[in-house]
Amino acid sequence: MTLKLIKWTQKMKPELIKLCNDVDRSYLTNRMPYPYTEESADWWLDMVSEHDGKDGVFRAIVVDGKIVGNISVEQKADVYCKDGEIGYLLLTDYWSKGIMTEAVCQICNAAFSELDIIRITGLVYAPNIASQRVLEKNGFVREGLQRNAVFKDGKIYDLCLFGKWK
Ligand SMILES: CC(C)(COP(=O)(O)OP(=O)(O)OC[C@H]1O[C@@H](n2cnc3c(N)ncnc32)[C@H](O)[C@@H]1OP(=O)(O)O)[C@@H](O)C(=O)NCCC(=O)NCCS
């Protein structure tokens with residue numbers, strides 16, 4: 001298996017649309033529109049081309065030549081500007097093969113070298129154990145727990161706060 005992180009380009013739009021419509025959203029924020037339309041993809045690809053390398057790093061996860069996931073670190077604003085928030089998703093067929101553990105390793109290296117940040121924050125809903133493991137395996141430390149912070153699909157979840165320092 002070969003795993004690469006590559007920059008998003010306009011010509012990857014059909015794969016982006018398919019990925020975002022197919023992914024399991026149970027533990028994701030509602031920021032990503034559903035259904036994910038051509039308009040959603042146009043907006044997101046424009047946003048990425050404006051911010052990548054300035055205050056964010058955005059990469060497609062490519063396994064054996066196929067786009068199977070998405071991962072990013074986005075620098076925050078105001079007094080939180082030395083912090084970046086990590087986010088990631090992977091198609092269900094590719095879970096539990098160590099893919100996201102490696103992708104998180106690579107995006108953290110890219111974020112710390114390309115962005116003016118000193119920490120990366122990961123926010124994970126309490127039942128999402130796999131995601132917490134991925135962060136722990138990459139040296140993220142569990143810094144706290146916000147009780148009842150998330151309301152998603154009619155359910156309330158605690159929010160686990162993770163941090164990794166440069
Ligand atoms: C969460 C997600 C990113 C994990 O990616 P992945 O490539 O499957 O993760 P990896 O294979 O690198 O590692 C998963 C780890 O969690 C463990 N794990 C998986 N499911 C588990 C479960 N239900 N209970 C306990 N551990 C679990 C695996 O054993 C592995 O740990 P190990 O190496 O110590 O054995 C992927 O499931 C996903 O994209 N989910 C949908 C979107 C999402 O939730 N994004 C994250 C939002 S914070």
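## The hairpin of strands 6 and 7

In this predicted model, strand 6 and strand 7 form a hairpin with two residues between the strands. There, D153 takes a positive phi near 50°.

Strand 6 covers residues 141-152 and runs antiparallel to strand 7. Eight bridges join the two. Look at Q146 for an example: it stands opposite L159 in strand 7.

## Strand 7 and strand 5

Strand 7 spans residues 155-165 and also pairs with strand 5, residues 119-125. The sense is antiparallel, and the pairing runs over seven bridges. G122 shows one link here, with F162 as its bridge partner in strand 7.

## The nonpolar core

Which residues touch the most other members of the largest nonpolar core? They are W8, I61 and I86, in a core of 50 residues. Helix 3, residues 99-114, supplies the largest share of this core, with eight residues. In soluble globular proteins, nonpolar side chains tend to be buried together.

Take I86 as a case. Beyond its neighbours within four places in sequence, I86 is in contact with residues including V104, I107 and C108. Its contacts also include I120, G122, L135 and F140.

## A buried lysine

Is K13 buried or exposed? K13 counts as buried because its relative accessibility is 16%, and the cut-off for buried is under 20%.

K13 lies in helix 1, which covers residues 13-22. Setting aside neighbours within four places in sequence, K13 is in contact with E38, A41, D42 and L45.

Definitions and conventions
Residues are numbered from 1 along each chain as its sequence is written. This is a predicted model: local features need pLDDT of at least 70, side-chain atom pairs count only at pLDDT 80 or more; totals for chains, interfaces and linings use all residues. Side-chain values use heavy atoms; hydrogens and water are left out. A nonpolar core is a set of buried Ala, Val, Leu, Ile, Met, Phe, Trp, Tyr and Cys residues joined through side-chain atoms within 4.5 Å. Buried means under 20% relative accessible area, exposed over 50%, partly exposed in between (1.4 Å probe, protein chains only). Helices (H or I, at least four residues) and strands (E, at least two) are DSSP runs, numbered from the N terminus. Contact means heavy atoms within 4.5 Å. Two strands pair if DSSP finds at least two bridges between them.
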